[in-house]
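This report describes the fold and the packing of one protein chain. Please consult the sequence and the coordinates alongside the text.

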Amino acid sequence: MLRLVMDTDVMVAALESDTGASREVLVGVLRGDAQFLLSTALMLEYEAVLTRADTLARSGLSTDDVLKILDELARLCTPVAFDYQWRPLARDANDDFVVETAINGMAGVIASFNVRDMVAGAGSFGIAVERPALVLRRIRK
């Protein structure tokens, strides 16, 4: 089964559009079609970004709706502890904890729209960084 980390930008897209690949990746995770890896740092990032007023307005969801989704993801996830910190990894230091979650969780892929900033760091550990449409193909195999 595919071991997957989703970058925050993919989570935002999944909640803002019900027709895109990001939503389908999220639905696949919720169905158990992929093993979803999640660290505390990444969950806190999801909560902070997804409950911002502008994100809520674009998604049409309430804070309670978002928290219910995050609770379900927490229930389904494979928790990842940072046994090692591998910084710096990404071109953008704000992405390091996403890559660290993938490394420490032995992910096969990171779903992200920010491929350029993460590919070198993740790739040195054999982890692919792909846009949601490509990740969705992997899930559906």
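The account below covers overall dimensions, the sheet and the nonpolar core.

The model is predicted. Eight helices and five strands make up the secondary structure of the chain, and along the sequence they follow the pattern β-α-α-β-α-α-α-β-α-β-α-β-α. The radius of gyration is 14 Å, which agrees with the value near 14 Å that a compact globule of 141 residues would have.

| Property of the chain | Value |
|---|---|
| Box filled by the C-alpha atoms, along the principal axes | roughly 40 × 30 × 25 Å |
| Buried residues | 45% of the 141 residues |
| Accessible surface | about 7,100 Å² |
| Share of that surface from carbon and sulfur atoms | 51% |

Contacts between residues at least 6 apart in sequence join partners at least 24 apart in 61% of cases.

The five strands form an open sheet in the order β3-β2-β1-β4-β5, with parallel pairing. Strands β3 (78-80) and β5 (128-130) lie at the edges, each pairing on one side only. On average, neighbouring strands of this sheet are turned by 35 degrees against each other, direction ignored. Three bridges link β2 (residues 35-39) to β3 in the parallel sense; serine 39 stands opposite valine 80 in β3.

The largest nonpolar core holds 44 residues, of which Leu4, Met6, Tyr46 and Ile110 touch the most other members. Apart from residues up to four places away in sequence, leucine 4 touches Val25, Val29, Ala34, Gln35, Phe36, Leu37, Val109, Ala111, Val135 and Ile139.

Terms used:
Residues are numbered from 1 along each chain as its sequence is written. This is a predicted model: local features need pLDDT of at least 70, side-chain atom pairs count only at pLDDT 80 or more; totals for chains, interfaces and linings use all residues. Side-chain values use heavy atoms; hydrogens and water are left out. A nonpolar core is a set of buried Ala, Val, Leu, Ile, Met, Phe, Trp, Tyr and Cys residues joined through side-chain atoms within 4.5 Å. Buried means under 20% relative accessible area, exposed over 50%, partly exposed in between (1.4 Å probe, protein chains only). Contact means heavy atoms within 4.5 Å. Two strands pair if DSSP finds at least two bridges between them. Helices (H or I, at least four residues) and strands (E, at least two) are DSSP runs, numbered from the N terminus. Axes are lines fitted to C-alpha atoms, for helices over the stretch in contact, and angles run from 0 to 180 degrees between N-to-C directions. The radius of gyration is taken over C-alpha atoms; the globule rule is 2.2 Å times the number of residues to the power 0.38. Accessible areas come from the Shrake-Rupley method with a 1.4 Å probe; for residues, only the protein chains shown count as cover.
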